[in-house]
Amino acid sequence: MSEALLAYPWQSDYWQTLNALQDQDRLPHAILLSGPEGIGKYRFAKAFAAYLLCEQPQAAMACGKCQSCLWCKDRQHPDFKALEPPEGKRQIAVDQVRELQSFAVQRAHREDGKKIVLIHPAESMNTNAANALLKTLEEPAEQTLLLLVSHASSRLLPTIRSRCLQYAMKVPDPAVSEAWLQKTITDSADLHRLMQESSGRPLTALALFESGGLERFKEYDQALAAMLTGKTHAVAVAETFAEHEPTAVLSWWVRRLQLLITRLVGADAEIPVPWDRLKGLDPAAIFPRLDTAQQSLAQLQRGAALNKRLLFEGILLDWQQFCHNNA
Ligand SMILES: [Zn+2]
């Protein structure tokens, strides 16, 4: 598998900051790149690793041609180790972290070269793995850089966070994201809607496009509209939703609640379901529902086995009642 060795266009400020540290030989032993999913933190980390390992960097980037870059592209660099949940698993296990100890004592392939460990996503380390990593952080190996990528850094042990140099990466400027999407998606696509449905996160927007997500969202909106206008019942809608990938349905639901709150507090947001049934709702009463939906989504993403039909019935019956009481 060949991989891109360059960061995304919206990441140049972060790149320059880290590169300046590298130039001054002030890179710390561990760097934590945090921020929402879908903005390219992982690719940034891989690109920076490739740059540090490159034998002849050009314009402060990996050259893409040397032996080291070829190894990086093939994910075979002897001085690079990625810690990720194994295929089909949701967690990074303690054994994977323990393997770092032997990696850390190996000599780097290149004289005075660095060795790099990329942990992604760092919050997928279970408690034992996190504690084992803490030991590594307390006794950092010479010339080894740990790059932690996290979509939910608040779930990391505070003692891990405090031992890393932290970079909070933000959702990029919409104009930059949209220009990038335009170039990346060559088909005609509703970029504005893709961006809106993805909370401005360009890689999420791309994934949504590639999976036909906008069409799916439309289908869910229609089902919700039918429920809100009394044409169908929550239980029937829940049954339909249970046939779909639950994270897709919950992502949609989270996005709908976010849009609704935005609109109810007076900001601009397009609500794709009957607004007249929703405009009387109290945004303060929606926040706890949003929290619950986000927690369920996070549980599913961690591999928890939830009963889909019960989950959606719970959400939709509550919502039906909530709208009815506030109509
Ligand atoms: Zn190179």
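Colleague: What makes you call F48 and Y51 buried or exposed?

Modeller: Both residues, F48 and Y51, are buried. Buried means under 20% relative accessible area, exposed means over 50%, and partly exposed is in between (1.4 Å probe, protein chains only). Keep in mind that this is a predicted model: local features need pLDDT of at least 70, side-chain atom pairs count only at pLDDT 80 or more, and totals for chains, interfaces and linings use all residues. Residues are numbered from 1 along each chain as its sequence is written, and side-chain values use heavy atoms, with hydrogens and water left out.

Colleague: How are F48 and Y51 placed in helix α2?

Modeller: They're three residues apart there, which means about one helical turn separates them. Helices (H or I, at least four residues) and strands (E, at least two) are DSSP runs, numbered from the N terminus.

Colleague: How many aromatic pairs turn up in the whole structure?

Modeller: The search finds 16. Rings of Phe, Tyr and Trp (its six-membered ring) pair if their centres lie within 6.5 Å; planes under 30 degrees apart are stacked, over 60 edge-to-face, and the rest tilted.

Colleague: Why is the pair W15 and F48 called edge-to-face?

Modeller: Their ring centres are 5.5 Å apart and the planes stand at 90°, so edge-to-face it is. This pair links distant parts of the chain, with W15 in helix α1 (residues 12-23) and F48 in helix α2 (residues 41-53), 33 residues apart. W15 and F48 are both buried.

Colleague: And why is the pair F48 and Y51 called tilted?

Modeller: Here the ring centres lie 6.0 Å apart and the planes are at 50°, so the pair counts as tilted.

Colleague: Which residues coordinate the zinc ion?

Modeller: C54, C63, C66 and C69, each through SG, at 2.3 to 2.4 Å. Donors are N, O and S atoms within 2.8 Å of the metal (3.2 Å for Na, K and Ca); water is not among the atoms, so sites may look incomplete. In sequence, the spacing is C-x8-C-x2-C-x2-C.

Colleague: What makes the arrangement of the four donor atoms around the zinc ion tetrahedral?

Modeller: The angles they subtend run from 104 to 115°, so the arrangement is tetrahedral. Four donors get that label if all angles lie between 85 and 135 degrees.

Colleague: Why does C54 count as buried?

Modeller: Its relative accessibility is 3%, so C54 is buried. C63 is buried too, with a relative accessible area of 12%.

Technical notes. Tetrahedral: all angles 85-135°; square planar, octahedral: opposite > 155°, others 65-115°.
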